[in-house]
Amino acid sequence: MKASRIAYKPVGLALGATSGLIAAAAFKQAWKMIGHEDDAPDATDEHRTWQEVLVAAALQGAVFAVVKAAVDRAGAVATRSLTGTWPG
């Protein structure tokens with residue numbers, strides 16, 4: 001394993017945690033706009049429709065994937081700027 005990849009591991013872990021926090025906040029705001037309520041439905045909430053539950057799950061998955069990709073890419077670009085090597 002290359003030294004740059006090993007050195008990037010802790011950075012990648014920190015970025016992963018950060019992206020999770022950002023994604024959770026972004027999803028909460030998006031759901032407020034779409035669902036017109038503070039909390040997204042849980043899959044086991046019997047008072048919610050299938051459509052509500054599946055739309056919330058799809059939106060949450062999309063938001064998390066986009067935020068994770070953006071944060072990971074920004075971290076890799078910053079690492080290359082600082083070290084001259086791509087971490088992947």
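A salt bridge here is a side-chain nitrogen of Lys or Arg within 4 Å of a carboxyl oxygen of Asp or Glu. By that rule, the side chains of K68 and D72 pair up, with N and O 2.6 Å apart. This is a predicted model, so local features need pLDDT of at least 70 and side-chain atom pairs count only at pLDDT 80 or more, while totals for chains, interfaces and linings use all residues. Residues are numbered from 1 along each chain as its sequence is written, and side-chain values use heavy atoms, with hydrogens and water left out.

**Helix α2**

- Helices are DSSP runs (H or I, at least four residues), numbered from the N terminus, and α2 covers residues 50-83.
- From its first C-alpha to its last, α2 reaches 49 Å over 34 residues, close to the expected 50 Å; that expected span is 1.5 Å times one less than the number of residues.
- Some residues of α2 are buried, among them V53, G75, A76 and T79. For the terms used here, buried means under 20% relative accessible area, exposed means over 50%, and partly exposed is in between (1.4 Å probe, protein chains only).
- Just after α2 comes G84, with a positive phi of about 85 degrees.

**The nonpolar core**

- Think of a nonpolar core as a set of buried Ala, Val, Leu, Ile, Met, Phe, Trp, Tyr and Cys residues joined through side-chain atoms within 4.5 Å.
- The largest one has 11 residues: Y8, L15, A23, F27, A30, W31, A56, L59, V63, V67 and V71.
- Helices α1 (3-35) and α2 each supply at least two residues of this core, and α1 gives the most, with six.
- As background, nonpolar side chains tend to be buried together in soluble globular proteins.
- One core member, W31, touches H36, E37, D39, A40, P41, E52, V55, A56 and L59, leaving out residues up to four places away in sequence. Contact means heavy atoms within 4.5 Å.

**A look at T79**

- T79 sits in helix α2 and counts as buried, with a relative accessible area of 15%.
- Beyond its neighbours within four places in sequence, T79 is in contact with Y8, G84, T85 and P87. Of these, Y8 is part of the largest nonpolar core.
- The T79 side chain also reaches the backbone oxygen of G75 at 2.8 Å.
- Compare T79 with D42: they are 37 residues apart in sequence and 38 Å apart in space, C-alpha to C-alpha.

**Salt bridges**

- The model has five salt bridges in total.
- K28 and D39 join through their side chains at 3.7 Å, N to O. K28 is in helix α1 and D39 in the loop between α1 and α2, so this pair ties together parts 11 residues apart in sequence.
- K28 is partly exposed at 38% relative accessible area, whereas D39 is exposed at 52%.
- Back to K68 and D72: both lie in helix α2, four residues apart, or about one turn of the helix. K68 is partly exposed at 45%, and D72 is also partly exposed, at 25%.
- Salt bridges that share partners link E37, D45, R48 and E52 into one network.

Key: Polar contact = N/O pair within 3.5 Å; in protein donor to acceptor, adjacent residues only side chain to side chain.
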